[in-house]
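Please walk me through this structure.

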Amino acid sequence: AEEWDAFVTRLGDRNCLGLTATPERADGVGLRGLFQDITVAAHYSELIRDGYIVPARTLRPSKRLRGVAQDPVSAYLDKGEGRYGFTFCRTVEIARDTAAKYTAFGVPAACIDFESDGRQETIAGLGTRYQMLTSVYALTEGVDVPGASVCVLARGVGHQSALLQMGGRVLRSAPGKTDALFIDLPGVTWDLGLPHEDREYSLDGITRKPGSLSLRVCQQCGYT
C-alpha cells in the first residue's frame, strides 16, 4: 500500500525484514521492490505434522453460492457437534442478530464489533461463558483461543488471506484436540482453497489464468 511504501522509503538503505502469515495482496500487486526474497518458514502440512496446528474438516455446498446455503445458527445446531468457536457474518447488524439467535436457541453467544466493551474479557469467556462469538472482521487477527474448534463462515470472502485468517482461528492445537470444523456456507473454498492447504506465494503477486479473476455479486442489488 502507498502509505507503507512511503514509510519504508523513509528508512533509507536499512535492511528490511517483513513478517506475515499471508504474503499476498487482495488486488494481486506483488511485493517485489520492497523485498528481494521470500522465505516460507513452514507449510501447513509441516505445521500439522509437528503438532502446531490441526487439520480442518470442511463442510460446504456443492458449488460457490451468491448467498449462504443455510442459516448459520441452523447449520451449527445441525453440524456443529457442540463445539465452541466463531461465526463470521456479513455486517455488524447481522452479527449481533446472529449472536442473539444463538443464545435464544440455547447456545450462549456474544458479538464482538467496533463498539464492544470488555472485548478481552468476552474473548476469554469463549469455551466457558460463551459457546460462540460472532463478528465481521474484529476476530480475524490477534485472537488466540486454542480450544476453539469450529468456524462458521456466513459471509462471502473475496481473497484467500481473509479466508486463512478466519479459518486460522480454529486451527491451533490444544490438548485433546484432533481437528477443526470449518462450515463454509457460501462455498468460497471452491475458489480459494481449504483452510489448511499448502500454498505457493510469490513476490511477483497473484498469477491468475486468463478469465479466472474472481467476481463478486452484491447481496443487496444483485449486480456483479
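**Charges, cores and rings**

Arg155 sits over the face of Tyr137, at 4.6 Å from the ring centre. A charge counts as over a ring if NZ of Lys or CZ of Arg is within 6 Å of the ring centre and within 35 degrees of the ring normal. Arg60 likewise lies over the face of Trp190, at 3.5 Å from the ring centre.

The model is predicted: local features need pLDDT of at least 70, side-chain atom pairs count only at pLDDT 80 or more, and totals for chains, interfaces and linings use all residues. Residues are numbered from 1 along each chain as its sequence is written, and side-chain values use heavy atoms, with hydrogens and water left out.

Now the interior. A nonpolar core is a set of buried Ala, Val, Leu, Ile, Met, Phe, Trp, Tyr and Cys residues joined through side-chain atoms within 4.5 Å. Buried means under 20% relative accessible area, exposed over 50%, and partly exposed in between (1.4 Å probe, protein chains only). The largest nonpolar core has 30 residues, and Phe86, Leu133, Leu139, Leu153 and Val157 touch the most other members. Strand 2 (85-89), strand 5 (150-154), helix 6 (160-168) and strand 6 (180-184) each give two or more residues to this core. Helices (H or I, at least four residues) and strands (E, at least two) are DSSP runs, numbered from the N terminus. Helix 6 gives the most to this core, with four residues. Another core lies apart from it, with 17 residues, among them Tyr76, Met132, Ala154 and Leu185.

Helix 6 deserves a look of its own. Nine of its nine residues are buried. They pack against helix 2 (44-49), strand 2, strand 5, strand 6 and helix 7 (189-192). The loop between helix 6 and strand 6 holds Pro175. Pro175 counts as exposed, because its relative accessibility is 86%. Its C-alpha atom is separated by 31 Å from that of Trp190, 15 residues apart along the chain.

What does Leu133 contact beyond its neighbours within four places in sequence? The partners of Leu133 are Gly85, Phe86, Thr87, Ala110, Thr122, Ile123, Leu126 and Leu139. Contact means heavy atoms within 4.5 Å.

One of these partners, Thr87, lies in strand 2. Thr87 is buried, because its relative accessible area is 0%. Not counting residues up to four places away in sequence, Thr87 touches residues including Pro72, Thr98, Val152 and Ala154. A polar contact of 2.8 Å joins the side chains of Thr87 and Tyr102. Such a contact is a pair of N or O atoms within 3.5 Å; within protein, one must be able to donate a hydrogen and the other to accept it, and residues adjacent in sequence count only if both atoms are side-chain atoms.

Last come the aromatic pairs. Rings of Phe, Tyr and Trp (its six-membered ring) pair if their centres lie within 6.5 Å; planes under 30 degrees apart count as stacked, over 60 as edge-to-face and the rest as tilted. The count by this rule is three aromatic pairs. Trp4 and Phe7 form an edge-to-face pair, 6.1 Å centre to centre with 90° between the planes. Both lie in helix 1 (residues 2-10), three residues apart, about one turn of the helix. Trp4 is exposed, at a relative accessible area of 57%. Phe7 is partly exposed, at 45% relative accessibility.

Tyr76 and Tyr102 have ring centres 5.7 Å apart and planes at 80°, so this pair is edge-to-face. The pair links distant parts of the chain: Tyr76 is in helix 3 (residues 72-79) and Tyr102 in helix 4 (residues 92-104), 26 residues apart. Tyr76 and Tyr102 are both buried.
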